[in-house]
Amino acid sequence: MRNRTVVLMLLLLCVASQVLTQTKILAPAEVLGFTPGEDRKLASWSQVVDYFERLDRASDRVNFETLGQTTMNKPFVMATISTPANLARLDELKKIQDQLADPRKLGPLATRDRKAAELIRQGKTIVLITCGIHSTEVGSYLSSMLIAHRLASSTEPEIQKILDNTIILLVPSLNPDGVDIVKNWYDKTLGTPFEGTDPPELYHKYTGHDNNRDWYAFTQVETQLTVDKIHNVWHPQIVHDIHQQGAFGSRLFLPPYMPPVEPNIPKAIVQAYTELGSWMATEMRAKGFQGITTNSTYDAWTPARAYSHYHAGARMLSETASARIASPITLKFDELRSREGYDPQKESPKFGPLWRGGEWHLSDITKYMTTAAFLLLDHAAANREQWLRRFYAIGKEAVRPRRPGELAGFLIEPAGNSEPLLNILRRGGVEIERTKYGTSLVRMDQPYAAFAKTLLEVQRYPNLRDAEGHPIAPYDVTAHTLPLLMGVAVHPVKASGRPITGAIPEVIGFVNKGTPTKAELPAIYHSSVPSQDEGWTKWIMDSKDLPYGVLTDKELRAGITIFKPSPGVTGKYYVILVPDQSARTLLEGYRSGAMPPEYTGGLGPEGVRHLREFVETGGTLVFLNRASNFAIEQFKLPLRNVVGGLPRTDFYVPGSILRIELDTSNPIAAGMPKETIAWAEDSPVFEVTNDPNATVPASNVHVVASYPTDKDPLLSGWLLGGDLIKGKAALVEVTMGKGRVILFGFRPQYRAQSLATYPLFFNALSSK
Ligand SMILES: [Zn+2]
């Protein structure tokens, strides 16, 4: 009997301690060994995952799951946070979202509003919080643990209100690979003169900072996971995307965005981010936060950065000032510098109150970020019904039948690269019908028609000027017309009251007839200074299973024999590709003293000499976009960049789609139509010269593509000074010794989107 009592008591103790360990919600410091935001301390990705797994086990407010694997095979994760009662009805809440997003699912028109009102009463505001897409912006993935801990553990009434009224989808990092890339570099350089520098490699294997330019092309697995498994499942009303900006401007940016706003973004979305961002800024100012700007710096033009704007969700970008990774800095007031729309040394309607300078720590960053995030959640909870009503209104406007004269849809011809284009639309939630003529029809009366419309139509970027008349630069680029980028024929169709049938004459896009030649083991030049264009190039090659070599600064300076190209005699590579990078960076790389010595020096004069020998002995050297300036200067080619050094008021093309004409008798243009596109962005434009000091005569230059003499070169986006480039060359081949140099005055494989000019790219990579 006594023994049985002891056993029973032990058992009870065991159960009790089990319960105690289960309910103990650990603060991040208890798991990491430091509080996120502490100077010079970064968490590894496995520590972050470990922390969230512990929260999941300890808290009934947190569900944590792995959605897939990243490019470098790390877990891509998300926490879903709400009350236990809400977490028990996630499927029902998803269904409510699905019906409000697409009012056609609510049945007959006459009763939809009544049904919607009932769903709005039952639904929750869905808030997606995304952190860490840009891995050197370390504040947000660290803040994600602080945010999750407070939500999981707090008994404050305002937290209970947030949990009751919202479902929070928290992604601790949109780029887990980069968490470790940055931490490893930071820890390695800690305490050295290079502490706080950015790593000398892309923080996403292929895209680097461009991982946040992939929200319509959907090329990367991280983008695909986020779109397929979060956005398209939940249709969040609010997407809080937490970033950091440079150190010398405002302490914090919040929406509204500065103009231009891309015209397909629903007015209700503009109203939503304006209302929420303005309210957050007001509340933060009232709490004593300084240096806040709104309606400046960041525009709302490209869908490459804003999936949710075309899917009934407001994108709430925040940009907090950076330190040096996790190391503090001290700034003087007079070191603060203006950015587009405000001067941090002057109060204005877009900026204030002044931040007077001083120390700036990682803890300041996490404090701004967590404060902003909880204010956003407060608003989402307090205005739950309003957020859901607006969400339904956007869906209702989207699906209404189009009146005669309005755009009814687009017909997409099956030729060219129509399948990749259609796949993008499908992934973006767009419904596509097949017509009896074999074309694909995208109707405008469907929930995500705005996403299709912005990608299928031509962009007319507004000619924005500052007070002095200088063009205001777009935050990113100005064009995203997929029929042009991908080489697909698309016809807009007006509503007429009759069914949409066959194709009509108006067409966007030039269709390629041929298929790209296979590249024959080219070498890609690897700069010590990270190049996104290099990363995209490697992604394109890897995604097509095309092998390539890599040649570094150091190898090219040393002139290793692997690139001696005499066919059949010695050597490994016949073609070397130099991706888009400035001429100075190619030649000099990181300046001496800026980074550890093994990363400095660039190609240098030795690299130039070896590249020249490579061409003269029969090799092909291909230069993309700005890198072409390097070739002209260093090889003294009989070419001049006619737009080099021109002020923006005279010539400006900040990421636009231009028209070029091809000499299709040149093998580089094999399989191409007579006319195609060129993605121009800080691009050189060539003119053949008779410079007596040039290393080869002008007759060695073969123009493969040029801008038309009698048509506007602009197809989509923004171009100033277009007359200056009419008739000038956009792609040339220069023979030199036994080999040749190919200069692209554009980006033929731009962000893995410009499929229309892939044949030019691959033909150039093939040996003759
Ligand atoms: Zn960023």
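**View 1. Ser-327, a buried residue of the predicted model.** In this predicted model, Ser-327 has a relative accessibility of 4% and therefore counts as buried, the cut-off for that class being under 20%. Ser-327 belongs to the loop that runs between S10 and S11.

**View 2. The side-chain partners of Ser-327.** The side chain of Ser-327 makes a polar contact of 2.6 Å with the side chain of Tyr-186, and a polar contact of 2.6 Å also links the side chain of Ser-327 to that of Glu-195. When neighbours within four places in sequence are left aside, the residues in contact with Ser-327 are Arg-40, Tyr-186 and Glu-195.

**View 3. The largest pocket and its lining.** The largest pocket of the model has a volume of about 660 Å³. Its lining is made up of 34 residues, and those closest to the centre of the pocket are Thr-136, Glu-137, Asp-198, Tyr-203 and His-209. Two or more lining residues come from each of strand S5 (238-245), strand S10 (314-321) and strand S11 (329-332). Sorted by class, the lining of this largest pocket contains 13 nonpolar, 13 polar and 8 charged residues.

**View 4. The second largest pocket and its lining.** The second largest pocket holds about 570 Å³ of space. Among the 26 residues that line this second largest pocket, Gln-532, Arg-626, Glu-681, Asp-682 and Arg-747 are the ones that lie nearest its centre. The lining of the second largest pocket comprises, by class, 8 nonpolar, 7 polar and 11 charged residues.

Technical notes: Residues are numbered from 1 along each chain as its sequence is written. This is a predicted model: local features need pLDDT of at least 70, side-chain atom pairs count only at pLDDT 80 or more; totals for chains, interfaces and linings use all residues. Side-chain values use heavy atoms; hydrogens and water are left out. On a 1 Å grid over the protein atoms alone, a cavity is a set of points where a 1.4 Å probe fits but cannot get out, and a pocket is an open set with protein on both sides within 12 Å along at least five of seven lines; lining residues have an atom within 4 Å of a point. Grid points are joined across faces, edges and corners, and a volume is the space filled by probe spheres set on the points. Helices (H or I, at least four residues) and strands (E, at least two) are DSSP runs, numbered from the N terminus. Ala, Val, Leu, Ile, Met, Phe, Trp, Tyr, Cys and Pro count as nonpolar, Asp, Glu, Lys and Arg as charged, and the others, Gly among them, as polar. Buried means under 20% relative accessible area, exposed over 50%, partly exposed in between (1.4 Å probe, protein chains only). A polar contact is a pair of N or O atoms within 3.5 Å; within protein, one must be able to donate a hydrogen and the other to accept it, and residues adjacent in sequence count only if both atoms are side-chain atoms. Contact means heavy atoms within 4.5 Å.
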